[in-house]
Amino acid sequence: MQYSADGQSDGTATVQFPRPGFLASVFRDLGAENGQEPDGAAADRPRGGATGDGPSGDGPTGDRPTDSGPTGNGRTDNGPTGNGPTGEGPSEPGPGEADPDEAVAAHARAATLTHHRTRAVQAEHDRLADLLRRAALPVSAMDFESQLRHYQPRPYPADGPGGGAEEESEPRWQDFAPAEPPVADPEGGPSRRLLDSGYQRELAQARLTHQRALREWRTRRAEAGSPAADESRRAHEAAEEARARAVREYNETLEECRRAYRLAEPAAVESLLERALAAAETATQDLPAPCRAVFRPLTRTAVLDLDLPPLDLVPSLAGYRLAPDGDILPVPRPPADRATDYLRLVARLALRALQAADAVDTDEILAGVVLNGWLRGPATAEPLCLVSVDADRDALARTRLLPPGTPYEERDDEGVYADAEQDEALVRLRQLGAAVTPDPYDRAGVRPAAQAGATVPAAADLSANEFAQLVRDLLTRGGIAQWSVRLRGPAGLVATGEGAPGTSLPGRWVVWASRDTGSIGAEQIETLAEAVGEESAERGLRLTTGRFTEEVLDLTAEEGRRHIHLIDGDGVRELAHTHLGLPLATGG
């Protein structure tokens, strides 16, 4: 029974536990933290007395009838109970007040969502780093030798694993008989072996195996002469003959393509190049970057059109952060970093395509390669050229297209991404004289080095290297040897050469060739005459795809300028048809 402060019983029963501290030990075993008092534990404490503890809101007195008189701690029984200020649990929020537990839970949910979104962004960064690594892997050469097929005959199944068609011999007992056990007593005789139980079991098993093999052999012999077996063998031989014929016809077709390739036929060269370019994409099949090839036999140059990946492939965010007010805010990356990452991927794709074209040209048909990287998509009405490379064979041979050693190395001081000026792929691309957009996200395009649309190109459609190669081929066929280029630019070149005696172009020459749409004036002829004197040459040649003014024609007819020779656009086209047997379209 419980008693009030005056010592009278109040009629409420008190539960007695077997020993003091029972609930404390139970909650300690359940893992409750030290210093926490379980609900209802206050009911075990004695009320009143020297301790002065008042009634607990969670104790058994919380539901008893209230008195108007004072209790042991000076409070009335109809004071606050349950979760009031003296109770064990938290107080209920008042009107207009937010629940602190709900606020903490909302903050935890926002923090978890922020973490998951940041992890998703990090996964995008990891995928980009993996694409950069795989795009830098070296490609295998897809030349004609690697594409040859070989026929390996398959044996008829009934002939056994050896594939032989020889008649199978009858199974002999000697091949199945077990080895006899050693004789312990030489004088015992063979009767001793008959008493060996192990030997007898082996002997019985060997006889069963021999009988089974003998039956199978007799069955095969009986079936070998049946019409069904003969038909099966004939079908197998017909299938093998068809396989051998298919391999032979494929190799013959491949050899025809090789002969056409060596003759620089455009269809054969383009077919081989596109096979090599498609094989180079196997390392990044999840990143479509098709590349088409057009071969121009006039300049022996391949023009490659590479479709670049979309701009949104590079992550635009570094992650997410949780604001003090609970909002989840994105953390954008600097625009320069995003542009650099995209250009690094573009540089690796461009170098891979150049390497594939250079590796497949084992017969050295190509004099150069032009690569244009195009950004296509719904955001751009017209394709936008972001990178353009004009490289001749010598430049490709001098430049290592991929970094040596490990294709991609992550440095501790820079993380996954590197600065554009220090990225090795971009450095090697610029060493080839490539034009690269400064900002792909600003849609800043570059001028393509050459256009691949025209089947018969005009002079304006050629790249700088193509035009230089065309002029060199024309004049070399005319008799000028020891060709040496002194200056070269997008519009033309200045070179020197030596003509052998007895040819149509004897002596030492200074050649000034340019692609022009207008007329050449007399001041350029005077400049060429000065260059002839400085080079101690005998003659000068002014070649243009445009035309000359009447003043220039009159000037070169004078006595002091007769060593200057002129070739206009019509003359260039005539030389191409005469010496190269190939047309050059009219146009600027």
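Here a residue is called buried when its relative accessible area is under 20%, exposed when over 50%, and partly exposed in between (1.4 Å probe, protein chains only). The model is predicted, so that local features need pLDDT of at least 70 and side-chain atom pairs count only at pLDDT 80 or more, while totals for chains, interfaces and linings use all residues. Residues are numbered from 1 along each chain as its sequence is written, and side-chain values use heavy atoms, with hydrogens and water left out.

**View A. Helix α8, residues 335-360.** Helices are DSSP runs of H or I with at least four residues, and strands are runs of E with at least two, numbered from the N terminus. Of the 26 residues of α8, 21 are buried. Because the expected span is 1.5 Å times one less than the number of residues, α8 should span 38 Å, which agrees with the 38 Å between its end C-alpha atoms.

**View B. The largest nonpolar core.** A nonpolar core is a set of buried Ala, Val, Leu, Ile, Met, Phe, Trp, Tyr and Cys residues joined through side-chain atoms within 4.5 Å. This core has 61 residues, and those touching the most other members include Tyr 342, Leu 345 and Val 389; α8 gives the most to it, with 13 residues.

**View C. Surroundings of Leu 345.** Leaving aside neighbours within four places in sequence, Leu 345 is in contact (heavy atoms within 4.5 Å) with Leu 128, Leu 131, Leu 132, Ala 135, Leu 287, Pro 309 and Leu 313.

**View D. A second, separate core.** Among its 23 residues are Leu 474, Ile 480, Val 511 and Leu 543.
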